[in-house]
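Hi,

Here is the structure I promised to pass on.

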Amino acid sequence: MTDMQTNRFLLELEKTRRDINREIMNPEVQPLGFEHLHPVVTLAARARLAYLKELLEMAKDADGLPTGERIGALARKREAYEELAAATNALETAIDRGYLDLAET
């Protein structure tokens, strides 16, 4: 396969992926505006804050290594933050790639 054939193939693959994602996702999600995205970003920011506050409190209270219980609490907050950040990024990617419609402004 030549470079030109490979590039054509990859362009067609990208178009197919975009069309399928849009066909599946777009009917299920209302056109998005900032009023829909603000709560999503706020949720991720609150989860980040909770994670960082847990760390700072742990460091302030630490007299040696934190207990397993404290580490577990930190891990749960990290997991929540990372999950919400990943979901927010996935939403941004879906918008960027044209899978979802945007509301008229």
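Let me start in the loop between α1 (3-25) and α2, which is where Asn26 is found. (Helices here are DSSP runs of H or I with at least four residues, strands are runs of E with at least two, and both are numbered from the N terminus.) Asn26 has a relative accessible area of 15%, so it counts as buried; the cut-offs are under 20% for buried, over 50% for exposed and partly exposed in between, using a 1.4 Å probe and protein chains only. If you leave out residues up to four places away in sequence, Asn26 touches Asn21, Tyr99, Leu100 and Asp101, where contact means heavy atoms within 4.5 Å.

Before I go on, a word on what you are looking at. This is a predicted model, with residues numbered from 1 along each chain as its sequence is written. Local features need pLDDT of at least 70 and side-chain atom pairs count only at pLDDT 80 or more, while totals for chains, interfaces and linings use all residues, and side-chain values use heavy atoms, with hydrogens and water left out.

How confident is the predictor? The chain has a mean pLDDT of 95, and 100% of its residues reach 70 or more; pLDDT is the predictor's confidence in each residue, from 0 to 100. Within the chain, confidence is lowest in α2, with a mean of 95, and highest in α3, at 97.

Back to the loop between α1 and α2, because Leu32 lies there too and is buried, at a relative accessible area of 9%. Its contacts, again not counting residues up to four places away in sequence, are Leu37, Leu91, Ile95, Leu100, Asp101, Leu102 and Ala103. Ala73, on the other hand, is 41 residues from Leu32 along the chain, and their C-alpha atoms are separated by 34 Å.

Now the helix pair. Helix α2 (residues 34-61) packs with helix α3 (residues 68-96) at an angle of about 155°, and their axes are 9 Å apart. (Axes are lines fitted to C-alpha atoms, for helices over the stretch in contact, and angles run from 0 to 180 degrees between N-to-C directions.) That makes α2 roughly antiparallel to α3, given that the term covers angles over 145 degrees, with under 35 being roughly parallel, 65 to 115 roughly perpendicular and the rest oblique. Sorted by class, the contact of α2 with α3 has 18 nonpolar, 1 polar and 7 charged residues. Ala, Val, Leu, Ile, Met, Phe, Trp, Tyr, Cys and Pro count as nonpolar, Asp, Glu, Lys and Arg as charged, and the others, Gly among them, as polar.

Which residues does Leu74 touch? Leu74 is found in helix α3, and not counting residues up to four places away in sequence, it touches Tyr51, Glu54, Leu55 and Met58. Leu74 counts as buried at 15% relative accessibility. Leu74 and Glu54 are 20 residues apart in sequence, yet 6.1 Å apart in space, C-alpha to C-alpha.

Two glutamates of α3 are worth a click as well. Glu79 lies in helix α3 and counts as exposed, at 53% relative accessibility. Glu82 is also in helix α3, but counts as partly exposed, at 41%.

Cheers
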